[in-house]
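Work through the exercises below with the model open. Try each task before reading its solution.

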Amino acid sequence: MNNFTLYNPTKIIFGSGTIKDIVKEISKESKILIIYGGGSVKRNGVLDEVKAALQGYDIDEFAGIEPNPTYETLMQCVEKVRNQKIDFLLAVGGGSVIDGTKFIAAAVNYAGEPWDIVKSYGRGVRQAIPFGTVLTLPASGSEMNSGAVITRLATKTKLPFMNPLLFPKFSVLDPTKTYTLPASQIGNGVVDTFVHITEQYLTYPVSGKIQDRFAEGLLLTLIEEGPKALTDPQNYDVRANLMWCATLGLNGLISAGVPQDWATHMVGHELTALHGLDHARTLAVLLPAMLKIRKDDKKQKLLQYAERVWGISQGDEDARVDKAIDKTRAFFESMQVKTRLCDYGITAEAIPTVVEQLKAHGMVKLGEKFNVTPEMVEKILGLCLSV
Ligand code: NZQ
Ligand code: ZN
């Protein structure tokens, strides 16, 4: 197992009816800005519940954070926070709203050009406005980590950054608030969580036995509970397990002391920035091809994954690995998430631009062995087209 430091200060408040508990976490003197997206929190009553809990507080709102939050919109909110001397931010929504809030928190008092926060991968952040979250879409894990992914429309750039100052002070996870998610977002959430886990698990063995078992348990839960959320969306236990799975999938626990990949995510971000695909759908397309092309590097963990997650232990090694990859693709499709570029109208002509964008963003040695080159990505994308 590799050396590691694990730090996670976020308080999780979990369960039905917990939104009201936010008052225990925010001082009465705070000037609060409630930040949300396109209006789902208005339609599903979550915003009213938050505002009812904050009766008597000095609150204001900022609406309009897009899916795949954009720098251009976020900077409008930064100005509002500066002008109104807001001192506490409350993100109410999914990963896009929470990521956008992290950027805002970091940008308000940032000395330089705010986009440099993203370009420097968060290294230049010295202070952040405190913030909490009320999560309505389990997927990104942003509710319990210090990372975010921001898009700059002007340059069709979507990049991640992180900084320890950007952990939420608290996050409320009420599974009943996910009942209004459309099937497409239920599928996105399960697939995004699944690939977060494989990015931290399907690499090479370092005797991280606890991390492996933990990751495998999360994967088995997604496989068991994911389809149920589509057929029985108001089943509290199903939604509670999926919500907790998503948070544990990217809060530092399963990545501590083990190698991490993230090539699928980095290429996926380019597909979203260039073609507008939902984040999770880029991952569903890329992961099977990534595993096929890179199976020699990942062989031992793929065999372990085949046996412990899919119960495949017979047959020659190559056949077992291929079967596990096919099972993975079939699972994504069972969550109503298509897994081929042609399903999204993307053809071979699109591949060179994706590769060029990766190079432009310095993403030229990706993966746990830093050997996923633009040339390899070109091959991987070719495999994503339709076979
Ligand atoms: O616009 P609103 O009203 O917010 O509606 C949203 C949006 O249209 C809707 N929605 C959310 N909760 C709902 C709901 N609709 C009905 N009922 C509810 N309870 O769903 C749509 C998608 O929301 P979004 O926040 O974009 O989805 P998600 O949570 O999947 O977040 C995706 C973003 O997370 C980033 C992605 O890059 C993407 O920008 N990620 C963040 C990570 C992190 N911080 O660690 C890691 C991830 O890999 C990921 O990259
Ligand atoms: Zn993701």
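**Exercise 1.** In which loop is K156 found?

Solution. This is a predicted model, where local features need pLDDT of at least 70, side-chain atom pairs count only at pLDDT 80 or more, and totals for chains, interfaces and linings use all residues. Residues are numbered from 1 along each chain as its sequence is written, chains are lettered from A and ligands numbered from 1 in the order in which they are written, and side-chain values use heavy atoms, with hydrogens and water left out.

Step 1. K156 sits in the loop between β6 (147-152) and β7 (157-162). Helices (H or I, at least four residues) and strands (E, at least two) are DSSP runs, numbered from the N terminus.
Step 2. Its phi is positive, about 50°, although K156 is not a glycine. Most residues other than glycine have a negative phi.
Step 3. K156 is partly exposed, at a relative accessible area of 44%. Buried means under 20%, exposed over 50%, partly exposed in between (1.4 Å probe, protein chains only).

**Exercise 2.** Locate K85 and state whether K85 is buried or exposed.

Solution. Step 1. Look in the loop between α3 (71-84) and β4 (88-93).
Step 2. Phi of K85 is near 50°, a positive value in a non-glycine residue.
Step 3. K85 is exposed, with a relative accessible area of 63%.

**Exercise 3.** Which residues are the protein donors of the zinc ion (ligand 2)?

Solution. Step 1. Donors are N, O and S atoms within 2.8 Å of the metal (3.2 Å for Na, K and Ca); water is not among the atoms, so sites may look incomplete.
Step 2. D192 (OD), H196 (NE2), H265 (NE2) and H279 (NE2) lie 2.0 to 2.2 Å from the zinc ion.
Step 3. Their spacing in sequence is D-x3-H-x68-H-x13-H. D192 in helix α6 (residues 183-201) and H265 in helix α9 (residues 263-275) are 73 residues apart, so this pair links distant parts of the chain.
Step 4. D192 and H265 are both buried.

**Exercise 4.** At what angle do α6 and helix α12 (residues 317-334) pack?

Solution. Step 1. The angle is about 155°, and the axes are 9 Å apart. Axes are lines fitted to C-alpha atoms, for helices over the stretch in contact, and angles run from 0 to 180 degrees between N-to-C directions.
Step 2. α6 and α12 are therefore roughly antiparallel, the class for angles over 145 degrees.
Step 3. V190, V191, F194 and V195 of α6 meet T328, F331 and F332 of α12 in the contact (heavy atoms within 4.5 Å).

How values were computed
Parallel < 35°, antiparallel > 145°, perpendicular 65-115°, else oblique.
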